[in-house]
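Dear colleague,

Please find below the structure that I am handing over to you. My notes on one strand, its partners and a neighbouring helix follow it.

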Amino acid sequence: MLPPHPDERQAVPDKTARVIDLVVIGGGINGTGIAVDAAGRGLSVLLCEQHDLAAHTSSASSKLVHGGLRYLEQFDFRLVREALGEREVLMAKAPHLIWPLRFVLPHRPHLRPRWMLRAGLFLYDHLHRGISLPRSKALELNGQGILNPVISHAFEYSDCWADDSRLVALNAVQAASLGADIRLHTRCESARRRSDLWDIDLVGPDGETQQVTARALVNASGPWAARVMERVIEQRSPHGVRLVKGSHIVVPQIHRGQEAYILQNEDKRIVFVLPYEGAFSLIGTTDVDFQGDPSVVKPDASEVDYLISVVNAHFKRQLRAEDVVHSFAGVRPLISTDTAKPSEVSRDYSLTLEGEVGQAPLLAVFGGKLTTYRRLAENAMDQLARWFPQAGKAWTAEYALIGGDFASQTSLHAELRAEYRWLDEAQIARYVRSYGTLSRIFLRGMRCAPDMGEDFGAGLTEREVKYLREREWARDAETLLWRRSKLGLHLSADQQARLAAYLQELNMAEREVCPS
């Protein structure tokens, strides 16, 4: 169990500070990771995000913290080794959001020989010395189970599931608890270097422009990274960005087991089938080059058909397009290369630092993946350290993500059940896997279910809604139901409408009390 950061507090950021140490553009996983690392080192931090936390790429992943088994075929051993190491760190750091999962890899002889899969999994098990998860093993199927009877052999190995959008949100919450100023629906309009400072114009949700001054600037805007370099900072981008769309579909539960499946396809790509939200299976992803606005992206019918065809080639149960209950797509900002196939473009990241001592630095983040966000942020702050000699040392590997200061999900579940016997078991399980010890904030003082207020459905109560609105910036139903939680899958249209009306009532009451 990792301890909480010693300075963690619900701090009120000093928005009147004359000069801010660090401004971060972008509220995805990399931006929030850098913000929390910097705030924990004692720097004053402002993060601006033009939409919501994890509004795009960082909430549209395959929900995995993994080494990247398929990257072994590209001989990217360094990336796999680093990712496997980070998998261990993040399991300890965020046990509420990240937990182990066993994966079944069916063998299809015409795609990859068994010896190749066995060798790859052996390397995957041993590439990093500190691996704690169970190792891989071979399976003899003999036509039994849920897979197509023609599949007689398979392998099983370990990786981790992750709640991607909550990982982003709780990094932002932790950054705020360390004094960072988190500004959502706030666009960076321009940034101009003035010797050893940056003058930055921010346009807030009310349309008003505010100028802030910073000692350093980080561009972590994901799919917009090159555009921000050229149009906001007015500098040539050090990298081209190749936008690759990945789509996922959600269907009613394909199987009752807790294992995931990794499926090989004839085009040498792989598709995951993951247990999702208790009653569903998550299937993805595709790799399609994308042109257009990264904020407006959705799965094409051809991508849905592709995912269904891969699943149907492996499972006895056959899916149809009508089975899809939800779908989503995100755009991955990969470093542009001459590689023809989107699936073969490296998922590694690049940090480009520009500026000398005595000149305000600019750090630009390109590429990256969910699994290595913490390491990326640590590297970013280590590179900026020479401009901030007063800053503390790297710390994020030794301290828990906020809410993650507990030994195991099982132990915390038992503690909450003993303390709040009137809570439903499913509610406790969701609180543990969404909030960890933070759940005690909105459970404090509660003695019975009616104390939690109105139930909007699926155990989402008034008390939890107010917590999410006040502590996690969830001011509308879409944000609350699809990014701060996945409860949009469980609430009916009428229940979602009631929640939206309730949040609107709270927002209107707040504006009446605190007029702008």
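**Strand S11 and its surroundings**

In this predicted model, Lys-245 has Val-331 of S16 as its bridge partner. The two strands concerned, S11 and S16 (residues 326-335), run antiparallel and are joined by 10 bridges. S11 itself covers residues 241-252 and is mostly covered, with 10 of its 12 residues buried.

S11 also pairs with two further strands, S14 and S15. With S14 (residues 280-284) the pairing is antiparallel and extends over five bridges; within it, His-248 is partnered by Gly-284.

**Helix H6**

Which strands do the buried residues of H6 pack against? They pack against S11, S12 (260-264), S13 (270-276), S14 and S15.

The buried residues of H6 are Glu-303, Val-304, Tyr-306, Leu-307, Ile-308, Val-310, Val-311 and Asn-312. In an α-helix there are 3.6 residues a turn, so residues three or four places apart point the same way. H6 comprises 12 residues, 301-312, and its first and last C-alpha atoms lie 16 Å apart, close to the 16 Å expected at 1.5 Å a residue.

Yours sincerely

Terms used: Residues numbered from 1 in each chain as written. Predicted model: local features only at pLDDT ≥ 70, side-chain atom pairs only at ≥ 80, totals over all residues. Heavy atoms only, no water. Buried < 20%, exposed > 50% of the residue type's maximum accessible area, 1.4 Å probe, protein only. Helix = DSSP H or I, 4+ residues; strand = E, 2+ residues; numbered from the N terminus. Pairing = 2+ DSSP bridges. Expected span 1.5 Å × (residues − 1). Contact = heavy atoms within 4.5 Å.
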